[in-house]
Amino acid sequence: MSGRLLPSEDPIAESVLEWTIMRDSRDIRQLMVWLEESEGRKERAVFMSRALDLMDEIQYALSRLDELR
């Protein structure tokens, strides 16, 4: 693990983005469990759509983190 020499430009935003990534990852994991257990096509589509939305949010958070570092 390598540490940075300089602090982030916005440590609060960095903390929020890291938290968002962790929370969304947990939520996606749960959605995948529900998707696997689901038998309804519409219900599966809802779970998958929500998981994709969360993945987009993670991608945005990762991009923002790159900008801060």
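The expected span of a helix is 1.5 Å times one less than its number of residues. In this predicted model, the 27 residues of α1 should span 39 Å, and its end C-alpha atoms are 40 Å apart, which agrees. The protein chain has two helices and zero strands; helices (H or I, at least four residues) and strands (E, at least two) are DSSP runs, numbered from the N terminus.

**Helix packing**
- Helix α1 covers residues 11-37 and helix α2 residues 41-68.
- They pack at about 160 degrees, with axes 9 Å apart; axes are lines fitted to C-alpha atoms over the stretch in contact, and angles run from 0 to 180 degrees between N-to-C directions.
- That makes α1 roughly antiparallel to α2 (angles over 145 degrees).
- The contact of α1 with α2 has 18 nonpolar, two polar and nine charged residues; Ala, Val, Leu, Ile, Met, Phe, Trp, Tyr, Cys and Pro count as nonpolar, Asp, Glu, Lys and Arg as charged, and the others, Gly among them, as polar.

**Burial**
- Of the 69 residues of the chain, 26% count as buried (under 20% relative accessible area, 1.4 Å probe, protein chains only).
- In α1, the buried residues are A13, E14, L17, T20, I21, D24, I28, L31 and L35.
- These buried residues pack against α2.

**Contacts**
- Contact means heavy atoms within 4.5 Å.
- Among contacts in the chain with a separation of 6 or more, 66% join residues 24 or more positions apart.

**Basis**
- Residues are numbered from 1 along each chain as its sequence is written, and side-chain values use heavy atoms, with hydrogens and water left out.
- Local features need pLDDT of at least 70, side-chain atom pairs count only at pLDDT 80 or more, and totals for chains, interfaces and linings use all residues.

Notes:
Angles under 35 degrees count as roughly parallel, over 145 as roughly antiparallel, 65 to 115 as roughly perpendicular and the rest as oblique. Buried means under 20% relative accessible area, exposed over 50%, partly exposed in between (1.4 Å probe, protein chains only).
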